Amino acid sequence: MELTNLQQTWHRFEQKLDQNRRLNLQLLRKVSLDKAKSKMSGLIWQESIAIFFYTLAGSWFMYFSATHWDKWHYVVSGAILALWSFIASARAVHKLQLILSVDYSMPVLQLQKSLMNIKISIIKNLRMAGWLLPFNMAFIIVGFQVFWGIDLLTEAEPEFLLWNGILSIGLIFVAGWIHMKLNPKTADKDWLNWLIQGSGSQVNDALEFLNEIDEFEKES
C-alpha cells in the first residue's frame, strides 16, 4: 500500500515537473521570439531605406548618362553605375521579401533555416559589392565631372590614366578573391560575422535567441 502511494506521489511529481518544463519553454519561446522579431524589424527599415537609396542613385546615374550623351565615357560610366544600383536595389527587395516572409510560429529548426537564408542573401550582396571594385574609374570619371567639372579623360595625364587602368585590372583579381572568400559555406566564421556588423548582425542576434530555445528543448 505504501509502495503504491509512493508511486502515485512520484507520478504526480513528474507530471508537475513536465508541466513546469512546458511552461518554461513557452515563456522562453515567447520572450526569445519577441527579441528576434525586434532585431529583424530594424533590418526591415534598413532594407527599405536601401531600396529607396539605390533606386534614386540608379535613376540619377541614368540621368547623368542622358545629359552627357555626347561623350561616350560619361555614358558608359553612368550606365555601369546605374546598372549596379538597380541590381543592388533588386537584391535589397529580395532580402526584404525574405525578412517579411519569416513565420515566427514555425518550429525553431525551420525558423533557423529561414534566418540563415537571409544571412546568405546578405553575404551574396557583399559579393556583388566586391565586383564593383574593378569599375572604380566609373566613379572617378563621374565624380570629377560632378564636383569639379573636369573631363578626366581629356585633361588627366596619360600616366594617371595608365596607372588607374592597371589598378582596375588588379582589382578584378581582388574582386575574385572576395567572391571566393565570401562563401555561404563560411557563414558561421567569426571574421564574416564581424564583416556584416550593422548589415547582418541583426540576423546573428536573432539566431542566438533561437539557439537559446533549441538548447532548452534539448535539455528538456
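Modeller: A helix here is a DSSP run of H or I that spans at least four residues, and helices are numbered from the N terminus. The model is a predicted one. On that basis, S65 has its place in helix 1, which covers residues 2-67. Is S65 buried or exposed? Buried means under 20% relative accessible area; S65 counts as buried because its relative accessibility is 6%. Leaving aside residues up to four places away in sequence, S65 touches Y74, V75, G78 and A79. With V75 there is also a polar approach: a polar atom of the S65 side chain lies 3.1 Å from the backbone oxygen of V75.

The surroundings may now be considered. The protein has 8 helices and 0 strands, and 35% of its 220 residues count as buried. Of the contacts between residues at least 6 apart in sequence, 79% join residues at least 24 apart.

Helix 4 (residues 136-148) packs with helix 6 (residues 158-181) at an angle of about 140 degrees, and their axes are 9 Å apart. That angle makes helix 4 oblique to helix 6. By class, their contact has 5 nonpolar, 3 polar and no charged residues. From helix 4, N136, M137 and I140 take part, and they meet L161, N164, L167, S168 and L171 of helix 6.

Terms used. Residues numbered from 1 in each chain as written. Predicted model: local features only at pLDDT ≥ 70, side-chain atom pairs only at ≥ 80, totals over all residues. Heavy atoms only, no water. Axes fitted to C-alpha atoms, helices over the stretch in contact; angles between N-to-C directions. Helix = DSSP H or I, 4+ residues; strand = E, 2+ residues; numbered from the N terminus. Parallel < 35°, antiparallel > 145°, perpendicular 65-115°, else oblique. Contact = heavy atoms within 4.5 Å. Nonpolar A, V, L, I, M, F, W, Y, C, P; charged D, E, K, R; others polar. Buried < 20%, exposed > 50% of the residue type's maximum accessible area, 1.4 Å probe, protein only. Polar contact = N/O pair within 3.5 Å; in protein donor to acceptor, adjacent residues only side chain to side chain.
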